[in-house]
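Have the model open beside you as you read.

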Amino acid sequence: MLDLTDSDFQRLYTYIKQHYGIDLSKKKQLIVSRLSNTLTAQGFKDFSAYVDEIMSGRDPEMVTAMLNKLTTNYTYFLREEAHFKFLWDVVLPDLERKHTRDKVLSIWSAGCSSGEEPYTISMYLKEYFGAKASQWDTRLLATDISQKILNTANTASYGEESLSSLPANWKQKYFVQKEPGKYTVSPDIKKNVIFRTFNLMDPIQFKRKFDLIFCRNVMIYFDQDTKDALVRRFHGATVPGGYLFIGHSEGLNKVSCPYDYIQPAIYRKK
């Protein structure tokens, strides 16, 4: 493995924190172990020249590749199932009442990774509205900082293990088996998700405010100040009475959180 000096380590984690909110100030060994092979393959003799290149911003794809290596994109369909039960029992009936006239929902999967989360939400929307689904605009926004992981999401092809938590009949209803052990999301579910690259450190300036924001298992990489600032931006982008779902391994500052706490990992704007 290549050696990472303290000064290069400080330069790199400071750059990542300032631009992407990810706090790796205590992860020196992780950086070395996950990036050494990449640096060697790209012809770098040490971390110093690599950090120079990253900080120059000349190659956004190099930065994206680095972030992919340093953060874990582990996810699967119906992850943290309690959220989807609450979505079915509480959120969707509430939104159906609110949007009886315009029949337009506004949902955001922030930090969507390889697409399992937004596709799961779309399946729930399809199941909930049933025969009325065609009367509703339920297209949802799904964003991630990594274009590479969004390309995977757009391909919408998944292995058997990723689908293992779904109801058995959903595999038949919402997937097409292309080859043994490989399933592709059906066109009607796929077209309901709009994928975009977005850095959660940037101002949130979408056309509409959101009825529901999923941002799960993303803020585990942020320090408290960064997390608090992001939650404030989410709050400003949420309609009154709208919801925020976070990961069960995450927690918000009870004193400064602008949302009302509903139950573990679920919050609501007054």
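The model is a predicted one, where local features need pLDDT of at least 70, side-chain atom pairs count only at pLDDT 80 or more, and totals for chains, interfaces and linings use all residues. Residues are numbered from 1 along each chain as its sequence is written, and side-chain values use heavy atoms, with hydrogens and water left out.

Strand β1 covers residues 107-110; strands here are DSSP runs of E with at least two residues, helices are runs of H or I with at least four, and both are numbered from the N terminus. β1 runs parallel to β7 (residues 210-215), joined by three bridges. Strands count as paired if DSSP finds at least two bridges between them. β1 also pairs with β2 in the parallel sense, again over three bridges, and there Ala110 has Thr143 as its bridge partner.

Which way do the side chains of β1 point? Ile107 and Ser109 go one way, Trp108 and Ala110 the other, and all are buried (under 20% relative accessible area with a 1.4 Å probe, protein chains only). In a regular strand, side chains alternate between the two faces of the sheet.

Now look at the second largest pocket. Among the 14 residues that line this pocket, Ser106, Arg139, Leu141, Ile194 and Arg208 are the closest to its centre. A pocket is an open set of points on a 1 Å grid where a 1.4 Å probe fits, with protein on both sides within 12 Å along at least five of seven lines; lining residues have an atom within 4 Å of a point. β2 (140-144) and β6 (193-197) each give two or more residues to the lining.

Methods. Buried < 20%, exposed > 50% of the residue type's maximum accessible area, 1.4 Å probe, protein only.
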